[in-house]
Amino acid sequence: MFDDLLRTWDGELVVVSHDPESGAWFFVCIHSTALGPAGGGTRLKTYPTPTEGLSDGLRLSAGMTRKFAVAGLPYGGGKAVICVQEMPDPSERRRLILRHADLVDSLGGTFLTAPDVNTSEVDMDVMAERTPYVFCRTPANGGSGDPSPSTARGVFHGICASLNHAYGSPDLTGRTVLVQGVGAVGRRLVFDLLGGGATVIECDVFAPCALGGVLNERSIPRLRCAVVAGSANNQLASPEDAERLTEAGILYAPDYVINAGGALHGIGLEVFKWTQETLERRLQGIGKTLTQLFMTADAEEITTEESAARMAAERLAESRPAEGPARGPALTHR
Ligand code: PHE
């Protein structure tokens, strides 16, 4: 498995650190800096083996490269995984987070991090004690705060755009949505959907908002919905699952396109000093981007995943000078 991981990795840098005291492994995966310094969340999780933690980080970081490219943000793709043997208590958590902060700081701004599964704006405050390379600290500490409401809002706009493409109307009234996972993002999405008039159970739309890999060989034949549109990263277990969804007549909103709201929040508010209005406009833009790539998918008879991959590849190619590898603008951070 480890061999396969190394052989299939098409990214730039992986930094590995081990904490002998707890047995935790830290993986900072920098997939691409073609568009700028790498950005990506820090995920704190138990995995069956550290290799699986690394594998998660590698795949997630590649998703971040495409996410920033499609969202039009001048950042590269990265992800950090803190692979723990058990979920730490508060003091141990603080120790691990500070250790991770030192690791991130040692990279000198090549990688900037943010909240992800099991980490929050409060953890970003702790990291900020040691490094400036963090997004989404609490507002009290000068950051843009929890990005989850923005991720949820972006998914909401994405669901409306998907409904419009599948049924000819973005209206949520009378629609049923099944939200899987009511964590930081899913919970807020439910409120937005109810506000839009939807019933939240089974289902015109399936919204995966928990962990990855839920769309697979076994689950897809059992789906009874017209649209899959949710916030989880790495929803497809394998690339062929995009084909399986298309063949089942299900419109799939590619995960890294529809879930870019958190990244737009952290980077837009903190680096570009967007107003809330600008942020909301950009979150609505997620719906527009999806509509565009759905239309391309129809016209070219390709999967929506392929359509998104092409859009990302075009953006990445544009950044590349005629010769040699691209280097993004060195954005100063704070
Ligand atoms: N967890 C967020 C995501 O997967 C990461 C993120 C948030 C990155 C905010 C940058 C800024 O998109």
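Around the ligand you will find Gly-41, Met-64, Lys-67, Lys-79, Ala-114, Pro-115, Asp-116, Cys-136, Asn-233, Gly-262 and Ala-263, each with a heavy atom within 4 Å of the ligand. This is a predicted model, where local features need pLDDT of at least 70, side-chain atom pairs count only at pLDDT 80 or more, and totals for chains, interfaces and linings use all residues. Residues are numbered from 1 along each chain as its sequence is written, and side-chain values use heavy atoms, with hydrogens and water left out.

**The ligand and its surroundings**

- Lys-79 places a polar side-chain atom 3.1 Å from an oxygen atom of the ligand.
- Asn-233 also has a polar side-chain atom by a ligand oxygen atom, at 3.2 Å.
- With Pro-115 it is a polar backbone atom that takes part, 2.9 Å from a nitrogen atom of the ligand.
- On its own the ligand has 330 Å² of accessible area, and the protein covers 93% of it (areas come from the Shrake-Rupley method with a 1.4 Å probe; for residues, only the protein chains shown count as cover).
- H2, S5 and helix H9 (261-270) each give two or more residues to the shell around the ligand; helices (H or I, at least four residues) and strands (E, at least two) are DSSP runs, numbered from the N terminus.

**The five-stranded sheet**

- Five strands make an open sheet with mixed pairing, in the order S1-S2-S4-S3-S5 (two strands pair if DSSP finds at least two bridges between them).
- Strand S1 (13-19) and strand S5 (111-115) are the edges; each has a single partner strand, so one side of each has no neighbour in the sheet.
- On average, neighbouring strands of this sheet are turned by 20° against each other, direction ignored.
- Strand S3 (residues 38-46) pairs with strand S4 (residues 76-84) in the parallel sense, over seven bridges.
- Leu-44 has Ile-82 in S4 as its bridge partner.
- Helix H2 (residues 50-71) packs on the sheet and touches S1, strand S2 (24-32), S3 and S4, where contact means heavy atoms within 4.5 Å.
- The direction of H2 makes about 155° with that of S4; axes are lines fitted to C-alpha atoms, for helices over the stretch in contact, and angles run from 0 to 180 degrees between N-to-C directions.

**A look at Asp-19**

- Asp-19 sits in strand S1 and is buried, with a relative accessible area of 1% (buried means under 20%, exposed over 50%, partly exposed in between, with a 1.4 Å probe and protein chains only).
- The side chains of Asp-19 and Ser-22 are joined by a polar contact of 2.5 Å, that is, a pair of N or O atoms within 3.5 Å; within protein, one must be able to donate a hydrogen and the other to accept it, and residues adjacent in sequence count only if both atoms are side-chain atoms.
- Leaving aside neighbours within four places in sequence, Asp-19 is in contact with Ala-24, Phe-26, Arg-95, Leu-96 and Arg-99.

**The four-stranded sheet**

- Four strands form an open sheet with parallel pairing, in the order S6-S7-S8-S9.
- Its edges are S6 and strand S9 (251-252), each with a single partner strand, so one side of each is left without a neighbour in the sheet.
- S6 and strand S7 (residues 205-208) run parallel and are joined by four bridges.
- In S7, Phe-206 stands opposite Leu-178, and Pro-208 is the bridge partner of Gln-180.
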